[in-house]
Amino acid sequence: MSDHSCDFLVIGCGIAGAAIASHLSLHASVRVLEMEDQPGYHSTGRSAALFSENYGNSTIRALSRASRDFLRSPPPGFCAVPLLRPRMALMYGRSHQRAAFDELLKSGSAAGDLEYVSPQAALELSCVLRPEGLLGGLVDRNCADIEVHELHRGYIRALKQRGGAVALGSQAVHLRRDADKWIVDCGGESYRAGVIVNAAGAWAGEVARMAGAQKIELEPRRRTAVLTDAPPGVTPDKWPFIVDVEEQFYMKPDAGLLLFSPADETPAAPCDAQPEDLDVAIAVDRLQCETTLEVRHIRRKWAGLRSFVADRSPVIGYDRLQPGFFWVAALGGYGIQTAPALSALAAALVLHRAEEQLVSIGLSVEDISPARLA
């Protein structure tokens with residue numbers, strides 16, 4: 001068995017693991033373990049890839065706002081193309097969603113982030129919305145599509161340039177503590193590190209169990225997405241992202257096609273998530289109920305896992321039971337749009353240097369620490 005040593009061992013090379021490893025490689029030796037044969041195979045590679053500062057709870061929104069400048073103006077050489085492409089978002093409500101619509105209108109208008117538009121104006125912005133019972137829309141003009149591949153590869157490239165390494169096809173099968181070091185076995189390879197960063201996505205709970213770390217009641221949930229053709233003769237590239245105010249359906253253009261989802265959150269065990277026929281049928285039904293579009297051909301369908309804890313905020317920090325075991329989990333599908341700020345904050349917490357980042361973002365340790373879930 002080959003034996004490797006490093007200061008920080010990151011488990012998981014999705015967007016979170018890659019980004020945090022990139023930051024840590026500025027300070028010490030870093031290795032990343034990825035159980036698949038390619039990084040970002042699971043949640044990172046299956047995202048709808050929209051940047052919005054109005055998505056998620058207050059913690060997510062704070063991390064998104066703090067990530068905006070990096071995504072708009074990444075460091076020289078980080079990526080080959082811009083990371084963001086402008087995409088208007090239109091949140092709409094119908095008569096049976098009056099309470100949710102009024103609440104979002106109140107909060108969005110107060111923050112100055114959302115612009116109310118009449119039912120007629122909403123139909124002009126999205127020509128395929130059905131008019132029945134439409135209350136109007138709330139427009140966010142600051143959203144954007146994210147170039148996920150470029151963002152992810154940028155962090156991996158920076159990691160490798162600083163001497164870090166990624167071991168693909170390396171699944172942790174056994175973790176144990178030996179004096180002040182962690183030993184992680186991956187079949188024929190063994191890794192020693194002072195600190196383990198658990199960025200294993202839907203498998204983060206499994207990694208924690210092997211390490212004897214605290215239980216945070218992490219719950220992976222499956223979400224389904226479908227690609228279909230735009231209407232004949234129509235180029236939808238300039239269409240807005242549309243989503244109902246209760247987040248039961250969304251749709252956006254995607255490389256000349258239309259991506260749509262029932263925004264489902266079905267509890268699931270950690271796995272290579274696959275779309276189920278019922279969820280695809282629900283997605284198609286909602287598309288045809290909410291818009292005038294008809295699905296004649298499904299180009300592609302897939303599913304991904306988003307992981308949550310009870311309060312739907314990320315879990316970032318050292319474990320309260322096991323020394324040198326650091327959590328980066330429960331990103332809830334927001335890991336890509338929050339990656340710049342979340343990874344910088346997580347790396348600073350690993351190094352016990354996070355006070356400045358927390359203040360600038362507007363968060364406290366208690367907002368994200370695993371100790372809050374004790």
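These legends accompany close-up views of one predicted model.

**Figure 1. The whole chain.**
This predicted model holds 10 helices and 20 strands. The radius of gyration is 21 Å, close to the 21 Å that the globule rule gives for 374 residues, so the chain is as compact as a globular protein of that length. Along the principal axes, the C-alpha atoms fill a box of roughly 65 × 40 × 40 Å. Of the 374 residues, 53% count as buried. Take the contacts between residues at least 6 apart in sequence: 72% of them join residues at least 24 apart.

**Figure 2. Helix H1 against helix H5.**
Helix H1 spans residues 15-24, and helix H5 spans residues 148-161. Their axes come within 8 Å and cross at roughly 35°. The crossing of H1 past H5 is left-handed. From H1, the contact takes in Ile 15, Ala 18, Ala 19, Ala 21, Ser 22 and His 23. From H5, the partners are Leu 151, His 152, Tyr 155, Ile 156, Ala 158 and Leu 159. By type, the residues of this contact divide into nine nonpolar, three polar and no charged.

**Figure 3. The nonpolar cores.**
In soluble globular proteins, nonpolar side chains tend to be buried together. Here the largest nonpolar core has 51 residues. Leu 24, Leu 151, Val 197, Phe 326 and Val 328 have the most contacts inside this core. Helix H8, residues 339-350, gives the most to the core, with nine residues. Another core, of 32 residues, lies apart from the largest one. Among the members of this other core are Leu 175, Ala 202, Val 207 and Trp 327.

**Figure 4. Leu 151 and its surroundings.**
Leu 151 is one of the residues with the most contacts inside the largest nonpolar core. What does Leu 151 touch, not counting residues up to four places away in sequence? The list runs Ile 15, Phe 70, Leu 71, Phe 78, Leu 83, Ile 146, Ile 336 and Ala 339.

**Figure 5. Val 148 in helix H5.**
Val 148 is found in helix H5. Is this residue buried or exposed, at 13% relative accessibility? Val 148 counts as buried, because buried means under 20% relative accessible area. Leaving aside neighbours within four places in sequence, Val 148 is in contact with Thr 44, Ala 49 and Ile 336. Ile 336 also touches Leu 151. Ala 193 is 45 residues from Val 148 in sequence, and the two are 29 Å apart in space, C-alpha to C-alpha.

**Figure 6. Ser 67 in helix H2.**
Ser 67 is found in helix H2, residues 58-72. Its relative accessible area is 0%, so Ser 67 is buried. Which residues does Ser 67 contact, leaving aside neighbours within four places in sequence? They are Gln 337, Thr 338, Ala 339, Pro 340 and Ala 341. One of them, Ala 339, also touches Leu 151.

**Figure 7. Leu 104 in helix H3.**
Leu 104 is found in helix H3, residues 98-111. At 22% relative accessibility, Leu 104 counts as partly exposed. That class lies between the buried cut-off, under 20%, and the exposed one, over 50%. Leu 104 and Ser 22 are 82 residues apart in sequence. In space, they are 37 Å apart, C-alpha to C-alpha.

**Figure 8. Ser 5 in strand S1.**
Strand S1, residues 2-11, holds Ser 5. This serine counts as exposed, at 54% relative accessibility. Ser 5 touches Arg 31 and Arg 192, not counting residues up to four places away in sequence. Ser 5 and Gly 194 are 189 residues apart along the chain. Their C-alpha atoms are separated by 9.0 Å.

**Figure 9. Two loop residues with positive phi.**
Arg 312 sits in the loop between strand S18 (298-308) and strand S19 (315-318). Its phi is near 65°, a positive value in a residue other than glycine. Arg 312 is partly exposed, with a relative accessible area of 35%. His 352 lies in the loop between H8 and helix H9 (355-361). Phi of His 352 is near 60°, a positive value in a residue other than glycine. His 352 counts as exposed, at 65% relative accessibility.

Definitions and conventions. Residues are numbered from 1 along each chain as its sequence is written. This is a predicted model: local features need pLDDT of at least 70, side-chain atom pairs count only at pLDDT 80 or more; totals for chains, interfaces and linings use all residues. Side-chain values use heavy atoms; hydrogens and water are left out. Axes are lines fitted to C-alpha atoms, for helices over the stretch in contact, and angles run from 0 to 180 degrees between N-to-C directions. Helices (H or I, at least four residues) and strands (E, at least two) are DSSP runs, numbered from the N terminus. A crossing is left-handed if the near helix is turned anticlockwise from the far one by less than a right angle, and right-handed if clockwise. Contact means heavy atoms within 4.5 Å. Ala, Val, Leu, Ile, Met, Phe, Trp, Tyr, Cys and Pro count as nonpolar, Asp, Glu, Lys and Arg as charged, and the others, Gly among them, as polar. A nonpolar core is a set of buried Ala, Val, Leu, Ile, Met, Phe, Trp, Tyr and Cys residues joined through side-chain atoms within 4.5 Å. Buried means under 20% relative accessible area, exposed over 50%, partly exposed in between (1.4 Å probe, protein chains only). The radius of gyration is taken over C-alpha atoms; the globule rule is 2.2 Å times the number of residues to the power 0.38.
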